[in-house]
Amino acid sequence: MEAHRHATPPADGPSLGSLPVEPLLTSEFDSDPGAVYERLRRTYGPVAPVGLMGVPVWLVLGYTEVTEVLRNEGQWRRDIRYWRARAEGRLPRDWPLLAGYEVRQMMFMDEEEHRAARRTHHSALSPFQEARSPEGWELRAAVARYADELVAMLAAESGSVGFADLGAQYTRPLLLMVTTKLFGCPVELGDELVMDLWRMLDGGPDSGAATGRALAAFTRLAAHRRARPGDDLTSYMMLADPDLTDEQLGRELFMNAVYLNDITGNMVLNTLLEVLRGNATVRRSLSAGQLGETVNRAALANPPVANMCFRFAARDVQLGKVWVRAGDAVSPSAAAAHRDLLAISSSHLVGSTVSTRAHLGWGAGPHQCPSAARELGGMIVSTAVGRVLDHFARAELTLPPDQLPWRSGPVVRGLRVLPVRYELARGAGAARRAEPSTSDAGGSDSQARGLLAALRKLMFGGKKV
Ligand code: HEM
């Protein structure tokens, strides 16, 4: 869709601040966001005003309008300095989402500054994406090994038949171990930053303090690796851009850690849920060895980045049926836009695979998930889900799918728990012992193992994480 860039809004047209807005984050949104998107769409069309913890923003619901906002960077800016309400001091000082938006990192940059930051990320991530490079090979092997170790731990603690939460006992610890390995974290730092990322991502009154602590932890990690470089993402970011200060690098690592832990973890859980619900299409894809198709289907049904971070209008513009004024914040909703795709895919005229690939789970346009990160995220999701399929002879949900508890934040939607009754395949509990790594002896792999021991204490020692 071409935005009406240079048109003038009608003088008496309502502005965002003057419209009554309904709060988005309600218990209905938590349990059934689809119903909320439908109602907003019926009332306002493809772009609706909503309140996010007391601050009005435009929620973009239509597929055409969402892709316009994601792709047209001349009109839709990421730099938070374009936000009129912030510039005019109209945001509440303690607004819980402000701390995250104030972290100046690649996601909130525009044009050349943004392109330069993406080149740095791409060059630092590429070795890990390549299956044939030593770093890529080692990371792939490590992800599979960690998954095996977590299943072995489950077998040792709960037996080969029992109950498990595939969130707390498998997916989340797996992603923490991968982060520790990829970033080259000393174990104490890993523990510390993990706790604070979870606190920050869950929002709430201490999100500002948790963000500050996590940023400080990543800045210390940057300083640590500057003194002792290794074969890890932190060190490769420094090589790719030697001018990055420890603070700047700390901010970039912080954002990557959010994607690697929360977003990738939720993609693993959402895909496992698709598998466990096991409708006929999923079973067909899996038996044809098409795990990728099941991942696409999960991204379409439940994209982990449900509502993307704000864009700010550079000029007054008509979008859908409303006029968005220069400096207004808009949140493009992949989850709402996917309802358009799902409607197309249920039409007998269009093949379902065509529409599952058109999902916006990776974003679109200049800020979409970088290709090396997508490869990496895809590899982690397929390995994590694939190991469950290999190790579990049987797994079934212990709750009906519509009663599973979800965490629906302003950006992320993910399962709080994925409870299953399981039976392990014969021999599945006997995890292979990790072979010593040639390039990392005593390094981040053993740190990941230290983290595993710490998690084991937390998970089974009666403490709550
Ligand atoms: C399955 C897992 C993943 C999913 C579903 C995912 C999804 C996304 C989405 C939707 C965006 C765009 C957000 C927006 O436009 O507001 C994004 C951006 C980004 N992702 Fe991913 N991501 C995943 C894994 C990863 C991993 C593993 C990393 C890094 C280790 C990563 C790093 C990034 C970065 C750095 C950006 C910001 C790009 C920019 O602003 O230019 N992602 N991702």
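Biologist: Between which strands lies the loop in which Met53 is found?
Modeller: This is a predicted model, in which local features need pLDDT of at least 70 and side-chain atom pairs count only at pLDDT 80 or more, while totals for chains, interfaces and linings use all residues. Residues are numbered from 1 along each chain as its sequence is written, and side-chain values use heavy atoms, with hydrogens and water left out. Helices (H or I, at least four residues) and strands (E, at least two) are DSSP runs, numbered from the N terminus. With these conventions, the loop that holds Met53 lies between strand S2 (47-52) and strand S3 (55-60).

Biologist: Does Met53 count as buried, partly exposed or exposed?
Modeller: The backbone of Met53 has a phi near 50°, a positive value in a residue other than glycine. Buried means under 20% relative accessible area, exposed over 50%, and partly exposed in between (1.4 Å probe, protein chains only). Because its relative accessibility is 37%, Met53 counts as partly exposed.

Biologist: In which helix is Glu111 found?
Modeller: Although Glu111 is not a glycine, its phi is positive, at about 45°. With 38% relative accessibility, Glu111 counts as partly exposed. This residue belongs to helix H6 (residues 111-129).

Biologist: What is the order of the strands in the open sheet of 3 strands?
Modeller: Two strands pair if DSSP finds at least two bridges between them. The edge strands, each pairing on one side only, are S5 (161-165) and S10 (392-397). S10 and S13 (residues 419-424) run antiparallel and are joined by 5 bridges, and Ala395 has Tyr422 in S13 as its bridge partner. With antiparallel pairing, the sheet has the order S5-S13-S10.

Biologist: What angle does the direction of helix H7 make with that of S13?
Modeller: Axes are lines fitted to C-alpha atoms, for helices over the stretch in contact (heavy atoms within 4.5 Å), and angles run from 0 to 180 degrees between N-to-C directions. At 1.5 Å a residue, the 25 residues of H7 should span 36 Å, which agrees with the 36 Å between its end C-alpha atoms, and just after H7, Gly159 takes a positive phi of about 90°. Helix H17 (residues 371-391) lies across S10 and S13, running at about 110° to S10. Helix H7 (residues 134-158) packs on the sheet, touching S5, S10 and S13, and its direction makes with that of S13 an angle of about 90°.

Biologist: Which residue is the only protein donor of the iron atom of the ligand?
Modeller: Donors are N, O and S atoms within 2.8 Å of the metal (3.2 Å for Na, K and Ca), and sites may look incomplete because water is not among the atoms. The residue in question is found in the loop between helix H16 (352-357) and H17. Through its SG atom, at 2.3 Å, the only protein donor of the iron is Cys369.

Biologist: What share of the 465 residues of the protein chain counts as buried?
Modeller: The protein chain has 18 helices and 13 strands. Among its contacts between residues at least 6 apart in sequence, 74% join residues at least 24 apart. Of the 465 residues, the share that counts as buried is 54%.

Conventions
Expected span 1.5 Å × (residues − 1).
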